[in-house]
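Dear colleague,

Please find below the structure that I am handing over to you. My notes on it follow directly after, and I would be grateful if you would read them with the structure open.

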Amino acid sequence: MESAAELFSRQGFGATGIKAVLAAAEAPYGSLYHFFPGGKQELGAAALAHGGTRYRELLESVYPPGADVVEATAASFVQAAELLAQTDYGYACPIATIALEVANNDEVMRTAAATAFESWLEVLEERFTTAGMTAERAREVAVEIFCLIEGSVLLSRTTRSPAPLHTAGRAATNAVAAGLAAGRYDRTGQGNVSR
């Protein structure tokens, strides 16, 4: 599964043949249809689920329970910039490459990608709500953070520069801080400023 997820995220789903996946996994050809009777599509959906779980676990480690979510957000963008530099801008989101390719033509895989993304948003929402944001604002900020990280990774990879991640990291940190401030204001009974 690890080999399939890695190859699909780096090369794309359509460009990665079954033989390449099996060779990377050092698995016999017949094993694919034994474990994935639905063939490449089922393998692709499973790879998306696997990549989604791995990244959710990474998010949970970056935002451990009780962490300062503003500091954790700032640190997460710094870590992403460092990871890109260490991999010579080869690091790819385990879901995004495939999701962009299949979203309009493969409902099974689109759903698998959406489920993975949603699991990441749920981690962020839970951490932000626990830190003091309203549930509605926590959802909005989680989506903002998701879009900032995905977009800035893409731009950093194509420009081969960490600058987009640093810019997005400042915006993300400000969004989290503003969401927390709005939550504190709401609790005083002075009105809802979460939107």
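Phe117 and Trp120 are 3 residues apart in helix H7 (residues 107-131), and are therefore separated by about one helical turn. Helices here are DSSP runs of H or I with at least four residues, strands are runs of E with at least two, and both are numbered from the N terminus. Please note that this is a predicted model, in which local features need pLDDT of at least 70 and side-chain atom pairs count only at pLDDT 80 or more, while totals for chains, interfaces and linings use all residues. Residues are numbered from 1 along each chain as its sequence is written, and side-chain values use heavy atoms, leaving out hydrogens and water.

A search of the whole structure gives 5 aromatic pairs. Rings of Phe, Tyr and Trp (for Trp, the six-membered ring) pair if their centres lie within 6.5 Å; planes under 30 degrees apart count as stacked, over 60 as edge-to-face and the rest as tilted. The ring centres of Phe117 and Trp120 are 5.2 Å apart and their planes stand at 75 degrees, so this pair is edge-to-face. Both Phe117 and Trp120 are buried, a term for under 20% relative accessible area, with exposed meaning over 50% and partly exposed in between (1.4 Å probe, protein chains only).

Trp120 also pairs with Phe146: the centres are 6.2 Å apart and the planes at 45 degrees, so this pair is tilted. It links distant parts of the chain, since Trp120 is in helix H7 and Phe146 in helix H8 (residues 135-159), 26 residues apart. Phe146 is buried, as is Trp120. Tyr55, Phe117, Trp120 and Phe146 form one aromatic cluster.

Helix H8 also holds Arg137, which is buried with a relative accessible area of 13%. The Arg137 side chain makes a polar contact with the side chain of Glu140 (3.0 Å). Such a contact is a pair of N or O atoms within 3.5 Å; within protein, one must be able to donate a hydrogen and the other to accept it, and residues adjacent in sequence count only if both atoms are side-chain atoms.

Finally, Ser76 lies in helix H5 (residues 69-86) and is buried, its relative accessible area being 16%. Leaving aside neighbours within four places in sequence, Ser76 is in contact (heavy atoms within 4.5 Å) with Val62 and Tyr63.

With kind regards
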